[in-house]
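Me: Please examine the structure shown below and answer a series of questions on its voids, its helix packing and its backbone geometry.

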Amino acid sequence: METRLCPATDDAIADAVRLLQSGELVAVPTETVYGLAAHAFLPEAVLSVFAAKERPSFDPLIAHVLPTELDALCEVVDLSRLKTAARQRATALTTLWPGPLTLVLPKGEKIPDHATSGFDTVAVRSPSHPVMRALLRGLGAPVVAPSANRFGRISPTRASHVADELSGRIPLILDGGPTDHGIESTIVGVEDDGTLRLLRPGSLPVEEIKKVAGAPLRAAEGPARAPGMLASHYAPRIPLVCAPSAEETDGPVAWLVFDSDAPPDAARFGKPVAIERLGSDDRRAAQHLFAALRRLDGSGAAWILAETPRDQGGLWPALRDRLARAAATR
């Protein structure tokens, strides 16, 4: 299959809509990372997402919608299954839409079981990126859109990253430039009694969610009901280890650092062949994390030594999460 990479013009978006209507896949920018979009109501199209990404069927997808009100999502979410407390909490959180917040809610009838990996809940969000919103407006239906990369690898934040991962597997990549946030959405599960669970830290800080919800976010429990919850994820091809727990590893090393000159114990591993410095600003570090990992992955190093991000609020928990999963045993 030939893959076209096109600027996200009105004509290219219209072409993308036609492809989605016919059950094809399209890579599209969101404010977080590039997504691999399929018509959410076409079961065969949803299945083709798993095939193109080599994604296991037990890892659910996120439905992306245009409306920002729960009442407009009756085909995606089954509101009748939400008790009063849960609906009030979910409604409060939708005031953060459009944006990088995903809610896990009872599944509506039109969402195929493939999209939710058989769970009776669906992950849903309303993205803010103008290209994705134009695509949804033209399609008149939601799309499922996991990150546009091979399963478990580094998420793409540029159209060229998608081409590196999926050329020959999809017909079209819409180029909307670098993504704004650089890491995936924050995922919150809304339970029957109104309990909120943080299923994945992401581009929306937990502090902002708590302020709007007026309730704490509890830790995730049970099976992975949302993307990005597997132990190993977001990984480069070469091994990544987080300092200061790094053990001796053979071969040339590359460094990923934040606001220090070098990772702890870096002197033990010799002079690096490449260094990526992300700085002390959490939003800038998140925006550039995955692109930096891709450059280090192609630097000729045998492995990456990453400084562990500071244990503070804001986006630092999401950065810690991404690097811990990137370093996990595969």
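Me: What is the volume of the largest pocket, and which residues are the closest to its centre?

Reply: In this predicted model, the largest pocket has a volume of about 160 Å³. Its lining comprises 13 residues. The closest to the centre of the largest pocket are Pro67, Ala72, Glu75, Ala141 and Pro142.

Me: How many nonpolar residues does the lining of the largest pocket have?

Reply: Sorted by class, the lining of the largest pocket includes one polar and one charged residue. The nonpolar residues in that lining number 11.

Me: How many cavities of 30 Å³ or more does the structure hold, and how much space lies in the largest cavity?

Reply: The structure holds two cavities of 30 Å³ or more. The space in the largest cavity amounts to about 240 Å³.

Me: Which residues lie nearest the centre of the largest cavity, and how many charged residues does its lining have?

Reply: The largest cavity is lined by 26 residues, and nearest its centre lie Ala145, Pro146, Ser147, Glu184 and Arg200. By class, the lining of this cavity has seven nonpolar and 11 polar residues. The charged residues in the lining of the largest cavity number eight.

Me: Which residues line the second largest cavity, and how many of the lining residues are charged?

Reply: The second largest cavity has a volume of about 30 Å³. Its lining consists of Pro201, Gly202, Leu204, Pro205, Val206, Gly314, Leu315, Pro317 and Ala318.

Me: Are helices H7 and H8 roughly parallel or oblique to each other?

Reply: Helix H7 spans residues 282–297 and helix H8 spans residues 316–327; the two pack with their axes 9 Å apart, at an angle of about 15°. Angles under 35 degrees count as roughly parallel. H7 and H8 are therefore roughly parallel to each other.

Me: Is the crossing of H7 and H8 left-handed or right-handed, and which residues make the contact?

Reply: H7 passes H8 in a left-handed crossing. From H7, the contact draws on Asp282, Ala285, Ala286, Leu289, Phe290 and Leu293, and from H8 on Trp316, Leu319, Arg322 and Leu323. These residues divide into eight nonpolar, no polar and two charged.

Me: How do the axes of H1 and H4 lie, and what is the handedness of their crossing?

Reply: Helix H1 (residues 10–21) and helix H4 (residues 130–139) have axes that come within 9 Å and cross at roughly 55°. That angle makes H1 oblique to H4. The crossing of H1 and H4 is right-handed.

Me: Which residues of H4 meet H1, and how many residues of the contact are nonpolar?

Reply: Ile13, Ala16, Val17, Leu20 and Gln21 in H1 face partners in H4, namely Val131, Ala134, Leu135, Gly138 and Leu139. By class, the contact of H1 with H4 has two polar and no charged residues, and the nonpolar ones number eight.

Me: At what angle do H3 and H6 pack, and which residues of H6 meet H3?

Reply: H3 and helix H6 (residues 206–213) pack with their axes 9 Å apart, at an angle of about 125°. H3 and H6 are therefore oblique to each other, and their crossing is right-handed.

Me: Which peptide bond is cis, and where is Pro98 found?

Reply: Most peptide bonds are trans. The bond from Trp97 to Pro98, by contrast, is cis, with omega near -5°. Pro98 is found in the loop between helix H3 (84–93) and strand S5 (101–106).

Me: What is the phi of Tyr234, and where is its place?

Reply: Most residues other than glycine have a negative phi. Tyr234 is not a glycine, yet has a positive phi of about 55°. The place of Tyr234 is in the loop between strand S11 (217–219) and strand S12 (240–243).

Key. Residues are numbered from 1 along each chain as its sequence is written. This is a predicted model: local features need pLDDT of at least 70, side-chain atom pairs count only at pLDDT 80 or more; totals for chains, interfaces and linings use all residues. Side-chain values use heavy atoms; hydrogens and water are left out. Axes are lines fitted to C-alpha atoms, for helices over the stretch in contact, and angles run from 0 to 180 degrees between N-to-C directions. Helices (H or I, at least four residues) and strands (E, at least two) are DSSP runs, numbered from the N terminus. Angles under 35 degrees count as roughly parallel, over 145 as roughly antiparallel, 65 to 115 as roughly perpendicular and the rest as oblique. A crossing is left-handed if the near helix is turned anticlockwise from the far one by less than a right angle, and right-handed if clockwise. Contact means heavy atoms within 4.5 Å. Ala, Val, Leu, Ile, Met, Phe, Trp, Tyr, Cys and Pro count as nonpolar, Asp, Glu, Lys and Arg as charged, and the others, Gly among them, as polar. On a 1 Å grid over the protein atoms alone, a cavity is a set of points where a 1.4 Å probe fits but cannot get out, and a pocket is an open set with protein on both sides within 12 Å along at least five of seven lines; lining residues have an atom within 4 Å of a point. Grid points are joined across faces, edges and corners, and a volume is the space filled by probe spheres set on the points.
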